[in-house]
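This note sets out points for a colleague who is reading the model alongside its sequence. The points follow the structure shown below.

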Amino acid sequence: MALPQARTYTEYDYYSLPENTRAELIEGQLYYQAAPSRAHQEILNFLNTELNIYVRSKGGDCRIYPAPFAVKLHPDKHTIVEPDITVICNHSKLTDQGCTGAPDWIIEIVSPGNPSNDYIRKLYLYADAGVKEYWIVDPRSETIFVYYLAQENFKPKAYSFQDTVTANLFGDLQINFSQLTKLLH
């Protein structure tokens, strides 16, 4: 007796979800997301502001998009994610629906309900797609893990919310996370 097959969802299914439904399509499966916490939103707002100020001050051409922003990592696979922050420097990847192809930099803020999603599943997805830099910001442990995936043998660097973290993508961008702790406490 054959076991029933799980349904494989497509890009069409993803874009047909009701408006304001928070979900990601990963390898043909839909993963629904809970509303973010206040701490999550404080971190998102802080980082989005820091990145936008930096890019504007440098006259940069990169675009920064906070969630929700659809990123189709591969043109031919059933995976569309909504990173917390997406940085794209190659405008040819931008579409009316979001981005198709690997962004240059992705930042995920860990949600308490699914930490393995950011630490394991998305790390693999982003490395496989060719994302150059990936940050995991964990409000519970007040840590930042920086993965510079542009290196062949990347190793994460760990920081705390008391540190100043330098972005690999922009060597002179430094984010002082101790400023963030004032917002969270």
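In which strand is tyrosine 31 found? Tyrosine 31 is found in strand β2, residues 29–32. The model is a predicted one, in which local features need pLDDT of at least 70 and side-chain atom pairs count only at pLDDT 80 or more, while totals for chains, interfaces and linings use all residues. Residues are numbered from 1 along each chain as its sequence is written, and side-chain values use heavy atoms, with hydrogens and water left out.

1. Overall form. The protein has four helices and 14 strands; these are DSSP runs numbered from the N terminus, helices being H or I of at least four residues and strands E of at least two. For 185 residues, a compact globule would have a radius of gyration near 16 Å, and the 17 Å of the protein agrees with this. The radius is taken over C-alpha atoms, and the globule rule is 2.2 Å times the number of residues to the power 0.38. Along the principal axes, the C-alpha atoms fill a box of roughly 55 × 35 × 35 Å.

2. Surroundings of tyrosine 31. Tyrosine 31 counts as partly exposed, because its relative accessibility is 32% (buried means under 20% relative accessible area, exposed over 50%, partly exposed in between, with a 1.4 Å probe and protein chains only). Not counting residues up to four places away in sequence, tyrosine 31 touches Arg22, Ala23, Glu24, Ile26 and Arg121, contact meaning heavy atoms within 4.5 Å. Arginine 121 lies over the face of tyrosine 31, at 4.5 Å from the ring centre; the criterion is NZ of Lys or CZ of Arg within 6 Å of the ring centre and within 35 degrees of the ring normal.

3. Aromatic pairs. The structure holds eleven aromatic pairs, defined for rings of Phe, Tyr and Trp (its six-membered ring) with centres within 6.5 Å; planes under 30 degrees apart are stacked, over 60 edge-to-face and the rest tilted. Tyrosine 119 and phenylalanine 145 form an edge-to-face pair, at 5.8 Å centre to centre and 75 degrees between the planes. This pair links distant parts of the chain, 26 residues apart: tyrosine 119 is in helix α3 (residues 115–129) and phenylalanine 145 in strand β11 (residues 143–148). Ring pairs also link Phe46, Tyr54, Trp105, Trp135, Phe161, Phe170 and Phe177 into a cluster.

4. Nonpolar cores. The largest nonpolar core has 27 residues, and Leu47, Leu51, Trp105, Trp135, Val137 and Phe177 have the most contacts inside it. A core is a set of buried Ala, Val, Leu, Ile, Met, Phe, Trp, Tyr and Cys residues joined through side-chain atoms within 4.5 Å. Seven residues of this core, its largest share, come from α2. Apart from it lies another core, of 19 residues, including Ile26, Val81, Ile88 and Val110. Buried residues make up 43% of the 185 residues in the protein.

5. Backbone points to check. Most residues other than glycine have a negative phi, and most peptide bonds are trans. The peptide bond from alanine 67 to proline 68 is cis, with omega near 0 degrees, and proline 68 is found in the loop between β3 (63–66) and β4 (70–72). Asparagine 20 has a positive phi, near 70 degrees, and is exposed, with a relative accessible area of 73%. Glutamate 142 has a positive phi of about 50 degrees and lies in the loop between β10 and β11.
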